[in-house]
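Please read the following report alongside the sequence and the coordinates.

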Amino acid sequence: MIKRTVEEQILRSISFLESGRVFSSTDFADIANQNTIRTALRRLTLAKKIDALGHSLYYKRICTKEFPYGYRPKHQSIANAIARRFSWKIFPTLADTFAYFGLDKSGDFVFPSTGPNKKFEFDLFEYPRPVEFRHIPLKLSRIADKKAFMYVQALVALGEDSEEMKRIFAKTSTEDLRTVIRKITYAPLRIQNVFLKELKSRDNDGLSDSAKANAEKINNCYEMAQEKRKLARILRKLS
């Protein structure tokens with residue numbers, strides 16, 4: 001068996017990646033320790049086999065006739081590499097959410113994440129905008145998947161009674177709505193309640209007994225929370 005150097009192993013791993021994929025030393029933790037990987041990446045950069053992007057990120061430039069200077073790394077790929085490096089969980093930007101639901105609205109390009117509020121600018125690379133992250137509460141970060149998160153993100157940004165949110169619900173099948181409800185069980189009760197209310201308005205009779213009981217439980221908890229808030233406001237005024 002031929003023993004490969006660390007640089008050769010890294011290049012072999014990179015060869016399986018798509019064009020413009022961004023990576024950092026943490027992506028090669030199975031090859032060697034971090035100091036060895038960082039040294040190898042610097043050597044590969046000096047040898048012009050990979051390109052440095054900044055903030056300890058790298059990418060392999062692939063040149064073609066159409067792109068003689070190589071593909072520019074995608075915004076999402078850079079964000080994913082940063083998230084992997086710091087072990088953050090990230091979610092789609094508001095702009096991506098609006099695009100997913102086919103809304104003619106402009107949204108920001110800030111990635112909601114489990115990490116801190118942070119902005120990465122790349123001075124050594126002609127990139128059109130910084131890659132920015134915004135910390136989100138634990139309850140939102142525990143939403144099961146990104147599609148369900150986009151529904152919640154759209155609801156928070158647009159409002160329950162907005163025409164855009166009504167169009168989103170209109171285009172969502174009952175089965176998809178049930179799936180979203182199952183995956184947002186850790187979201188705040190007021191958010192869950194909006195989706196449950198939409199589901200009830202469609203087919204309350206079609207729900208199973210357990211689903212009805214779960215919906216009733218969430219509604220009761222939500223109403224109790226609302227009563228506690230009202231009581232707290234009254235007590236603050238009296239104090």
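The model is a predicted one, and local features are described where pLDDT is at least 70.

**Helix 3 and its surroundings**

Helix 3 consists of 12 residues and spans 17 Å from its first C-alpha to its last, which is close to the 16 Å expected at 1.5 Å a residue. Its buried residues are H75, S77, I78, A79, A81, I82 and A83, and these pack against strand 1 (22–23), strand 2 (51–54), strand 3 (57–59), strand 4 (110–113), strand 5 (118–120) and strand 6 (131–135). Just after helix 3, S87 adopts a positive phi of about 60 degrees.

Strand 2 and strand 3 run antiparallel and are joined by 3 bridges, with A52 having Y58 in strand 3 as its bridge partner. The two strands form a hairpin with 2 residues between them, and H55 in the turn has a positive phi of about 55 degrees.

T93 belongs to the loop between helix 3 (75–86) and helix 4 (94–100), and with a relative accessibility of 1% T93 counts as buried. The side chain of T93 makes a polar contact with the side chain of D96 at 3.0 Å. When neighbours within four places in sequence are left aside, T93 is in contact with D108, F109, V110, F111, P112 and Q153.

**Salt bridges**

A search of the whole structure finds 9 salt bridges, including those in the table.

| Side-chain pair | N to O distance |
|---|---|
| K105 and E164 | 3.9 Å |
| D145 and K183 | 2.9 Å |
| R178 and E175 | 3.9 Å |

In the salt bridge between K105 and E164, K105 lies in the loop between helix 4 and strand 4 and E164 in helix 7 (residues 163–171), so the pair ties together parts that are 59 residues apart in sequence. K105 is partly exposed, at a relative accessible area of 38%.

For the salt bridge between D145 and K183, D145 lies in the loop between helix 5 (138–141) and helix 6 (146–158) and K183 in helix 8 (residues 174–183), so this pair ties together parts that are 38 residues apart in sequence. D145 counts as partly exposed at 25% relative accessibility, and K183 counts as partly exposed at 30%.

R178 and E175 are 3 residues apart in helix 8, and therefore about one helical turn separates them. R178 is partly exposed at 23% relative accessibility, while E175 is partly exposed with a relative accessible area of 47%.

Key. Residues are numbered from 1 along each chain as its sequence is written. This is a predicted model: local features need pLDDT of at least 70, side-chain atom pairs count only at pLDDT 80 or more; totals for chains, interfaces and linings use all residues. Side-chain values use heavy atoms; hydrogens and water are left out. Helices (H or I, at least four residues) and strands (E, at least two) are DSSP runs, numbered from the N terminus. Buried means under 20% relative accessible area, exposed over 50%, partly exposed in between (1.4 Å probe, protein chains only). A polar contact is a pair of N or O atoms within 3.5 Å; within protein, one must be able to donate a hydrogen and the other to accept it, and residues adjacent in sequence count only if both atoms are side-chain atoms. Contact means heavy atoms within 4.5 Å. The expected span of a helix is 1.5 Å times one less than its number of residues. Two strands pair if DSSP finds at least two bridges between them. A salt bridge is a side-chain nitrogen of Lys or Arg within 4 Å of a carboxyl oxygen of Asp or Glu.
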